[in-house]
Amino acid sequence: MKFQELKSILNRQPAVFIVTHKNPDGDAMGSSLGLAGVLKKKGCKVTVVAPTEYPAFLRWIKGNDEVLTWGEDNESIKARAKEAEVLFCLDFNALHRIEEVGDLVQDASGKKVMIDHHQQPDDFADLMISETTASSTAEMVYEFIERLGDEELIDGDLGEALYCGIMTDTGSFRFPSTTPNTHRVAGELIKKGADHSMVHRRIYDSNTKRRLKLLGHCLMNMEVLDNQKTALFKITKEDHKTFNIQKGDTEGIVNYGLSMPHIKCAAFFREDKNIIKISFRSKDDFDVNKFARTHFNGGGHINAAGGMSSDSLEDAIEKFKKNIHA
Ligand code: 5GP
Ligand code: MN
């Protein structure tokens with residue numbers, strides 16, 4: 001499908017289904033709710049779907065109350081996927097990343113559109129907009145809205161949704177993926193009324209005492225492998241109980257490892273119920289997407305990726321230490 005065809009379909013006010021990746025982050029929810037808001041203003045019937053729960057610090061975004069979550073709203077999600085004429089897949093590039101919801105998208109008869117910036121996209125969409133050098137899906141969604149000629153529909157609230165996506169995925173405009181265009185788009189969003197300072201506070205000044213104590217615990221127990229230029233954090237099942245860990249509590253902790261000048265890679269191991277979930281971050285050309293794909297059944301970006309292991313926590317960490325050479 002060509003972009004022009006999609007544009008004329010969207011102008012006919014179809015039912016639209018927007019889904020993002022599981023464990024949605026700021027870019028996932030920001031880009032989805034930003035696009036949803038614009039398409040609603042165009043008169044489309046829009047459904048936004050989260051494949052799993054997401055953290056409280058993202059629940060201020062306009063349109064949040066209408067998000068359907070897999071696990072809670074399964075019947076409505078199935079019906080909406082079936083009736084949708086257009087299905088947007090935002091901020092992920094392989095249907096297995098959204099598990100059961102991926103099967104619904106696969107089987108749906110509507111046109112599938114991917115807008116994403118992760119490496120190595122799967123070829124499942126009728127229209128694939130994939131830019132692996134883009135800072136964020138939210139920046140791409142802004143440009144997509146510009147191409148539709150609908151940027152006038154972005155108001156302050158929708159601007160804040162997109163700004164949230166750009167800000168969180170660029171580490172507040174500091175990662176090398178930040179370009180002049182990233183700043184241009186952020187500037188446009190502020191001109192449209194986005195309160196950038198408020199977005200920053202809602203995301204980053206949302207700590208609880210519990211989370212700060214957990215951060216202290218993780219920093220105290222950090223391992224530094226100087227020769228491998230690597231820092232390593234972990235959270236055990238017992239820690240989940242001790243700190244009453246909630247969704248989003250562990251987000252960002254891994255980045256502290258990279259704040260040491262000689263460290264090129266940081267990893268965060270979290271022992272969940274039946275699986276070890278791992279976050280990887282890196283600097284410069286150390287490619288954690290490749291590392292996560294090779295060793296931990298994962299993927300992502302060159303400098304930020306994730307993976308998993310069904311080994312024990314100790315074994316997963318052992319395997320990591322053996323293979324990491326940053
Ligand atoms: P995080 O560490 O914040 O969970 O994820 C970092 C980046 O890697 C995100 O862009 C996320 O979408 C991607 N990612 C995280 N886990 C996985 C995974 O298991 N597989 C793939 N392909 N990508 C992942
Ligand atoms: Mn993203």
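Visitor: What should I know about the model before I start?

Guide: It is a predicted model, in which local features need pLDDT of at least 70 and side-chain atom pairs count only at pLDDT 80 or more, while totals for chains, interfaces and linings use all residues. Residues are numbered from 1 along each chain as its sequence is written, chains are lettered from A and ligands numbered from 1 in the order in which they are written, and side-chain values use heavy atoms, with hydrogens and water left out.

Visitor: Into which domains is the chain divided?

Guide: Domain bounds come from an automatic or database domain assignment, and here they give domain 1 (3-204) and domain 2 (209-323), whose C-alpha centres lie 27 Å apart.

Visitor: How is the size of an interface often given?

Guide: It is often given as the accessible area lost when the parts come together. Buried area is the accessible area (1.4 Å probe) that two parts lose on being put together, summed over both, and between domain 1 and domain 2 it is about 920 Å², with carbon and sulfur atoms giving 52%.

Visitor: Which residues coordinate the manganese ion (ligand 2)?

Guide: Donors are N, O and S atoms within 2.8 Å of the metal (3.2 Å for Na, K and Ca), and sites may look incomplete, as water is not among the atoms. In this structure Asp 27 (OD), Asp 91 (OD), His 117 (NE2) and Asp 169 (OD) coordinate the manganese ion (ligand 2) at 2.1 to 2.3 Å, and these donors follow the spacing D-x63-D-x25-H-x51-D along the chain.
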